[in-house]
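Dear colleague,

Please find below the structure that I am handing over to you. My notes on it follow directly after.

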Amino acid sequence: MTIEDVYAHIDAGFAAALDELARLVRIAGVSAQPTDDLVVCAQVVLNSVCASGLRAHLIEGYGPPAVYGERIVDPGLPTVLIYGHYDVQPADFDAHWQHDPFESTIRDGRMYGRGTSDNKGQHLAQLCALRAVLAAHGELPVNVKVLIEGEEEIGSPHLAELVRDNRDLLAANLVITSDGPVHRSGTPQLVLGTRGQLGVELRTRGANREAHSGSLGGLLPDAAQHLVQALATLWQPSGEIAVAGFFDDALPPTRTESANLAGLPLDLNDHLTDFGIFELPEPAGIGYYERLMLQPTMTITGLASGYTGPGMKTVIANGARAHLDMRLVPGQKPNEIYRLLEAHLAVHAPDVELTRLSSVPPSRTAHGNRYVAIVAGAVERATGVAPFIVPSLGGSLPNFVFTDILGIPSILVPYANPDQNNHAANENFELSRFKDGMRIFATILDHVARAN
């Protein structure tokens, strides 16, 4: 029996896999708006894990139930841990969706629906791969564990505690996460890390109520003015972040990481045209991929105060707030960055209230780790295309729980198409890439076993 026999079983079971994904999409499971759907979804995922030949149970007491499964073939063999999440982003049917976001629709070679690619379809591809391997060979070539949680879309606030408390249960040699898209060019990629994240709210308060801006202008504090003045202190005129010490602990890219980025294809004009802009924003002199993967950022993601409806309402705002999202690179710690931001505001805007909303540390697996070459070879065998190897996602995932708490390598192998529209309207998963994900993961297991 060969890997081609496994691929044949994947083909034979593909229609059933599409039906299973459609059933998952129907269960909303929005972690930002928690309902009983999360518990229902956890149970359905538990059934899927059991149907994939693993002993499984729910881990409870850490937010929504997490699904754990394992198949220990031989303690002497390597163990591969699958990480994924069953929760999804909110979806408003009126917000440009072409159909009900929680009823899947297949057209033009894609399945549309919330969660198809982020992340139900991607972790289901891995489970279907396990079924195909078992059908073809009768047994897995390595030990496999599965951890699928229900809070990733809100920053996985309980995952670190869960992992620390279940360190022995989750022990493994390698973690594989399939989330996000392949490279913009359509080429598969291995991603060796994620940027960290720190989200905060800045709030200013004025009088105890709004007031007429003509009658009382200059006599009452303007909360909106104070907030924008505070925000303006966070950046230099050049666009560089002005918080003292913000960059001090950021580790520079290694030579290998810089070389890998230099080899990635880039059509910068396509990016500019796609978003209707003419140039990259300040600061100047930083390349596209370096900005995306290796540089910390600070972004205003929300700003609210006063009246902005039709016409004019001449009032002095009595409150204003802004949300900031910071993406962090290895070496930077969310707690320290928050302390530095507190210190900055104490000097430049002491009347601003600062509240921490979310955080996750960055994560990185070394390019030289032996499993990187093994997984890259498996992806090439399954797809016929050598993958790009990149140091980091631009976004954030809680992979630090594996690299930092468990001390094991974590490799992201995204399956979804570049235009998957995750977190947006008309989220979708190309059917061919769904099947490729099954082939890739089955081949990863085969190559890890052969390298043992």
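The lining of the second largest pocket in this predicted model comprises 8 nonpolar, 6 polar and 2 charged residues. In total, 16 residues line the pocket, and those nearest its centre are Arg 356, Ser 359, Val 360, Pro 361 and Phe 400. Two elements each give two or more residues to this lining, namely helix H10 (334-348) and strand S15 (353-360). The greatest contribution comes from S15, which supplies 5 residues. The volume of the second largest pocket is about 310 Å³.

The second finding concerns a pair of helices. Two packed helices are described by the angle between their axes and by the distance between those axes. Helix H4 (residues 120-137) packs with helix H13 (residues 431-451) at an angle of about 55 degrees, and their axes lie 8 Å apart.

On the H4 side, the contact is made by Gly 121, Leu 124, Ala 125, Gln 126, Cys 128, Ala 129, Leu 130 and Val 133. From H13, the contributing residues are Phe 434, Gly 437, Met 438, Phe 441, Ala 442 and Leu 445. By class, the residues of the contact of H4 with H13 are 11 nonpolar and 3 polar, with no charged residue.

With kind regards

Methods:
Residues are numbered from 1 along each chain as its sequence is written. This is a predicted model: local features need pLDDT of at least 70, side-chain atom pairs count only at pLDDT 80 or more; totals for chains, interfaces and linings use all residues. Side-chain values use heavy atoms; hydrogens and water are left out. Axes are lines fitted to C-alpha atoms, for helices over the stretch in contact, and angles run from 0 to 180 degrees between N-to-C directions. Helices (H or I, at least four residues) and strands (E, at least two) are DSSP runs, numbered from the N terminus. Contact means heavy atoms within 4.5 Å. Ala, Val, Leu, Ile, Met, Phe, Trp, Tyr, Cys and Pro count as nonpolar, Asp, Glu, Lys and Arg as charged, and the others, Gly among them, as polar. On a 1 Å grid over the protein atoms alone, a cavity is a set of points where a 1.4 Å probe fits but cannot get out, and a pocket is an open set with protein on both sides within 12 Å along at least five of seven lines; lining residues have an atom within 4 Å of a point. Grid points are joined across faces, edges and corners, and a volume is the space filled by probe spheres set on the points.
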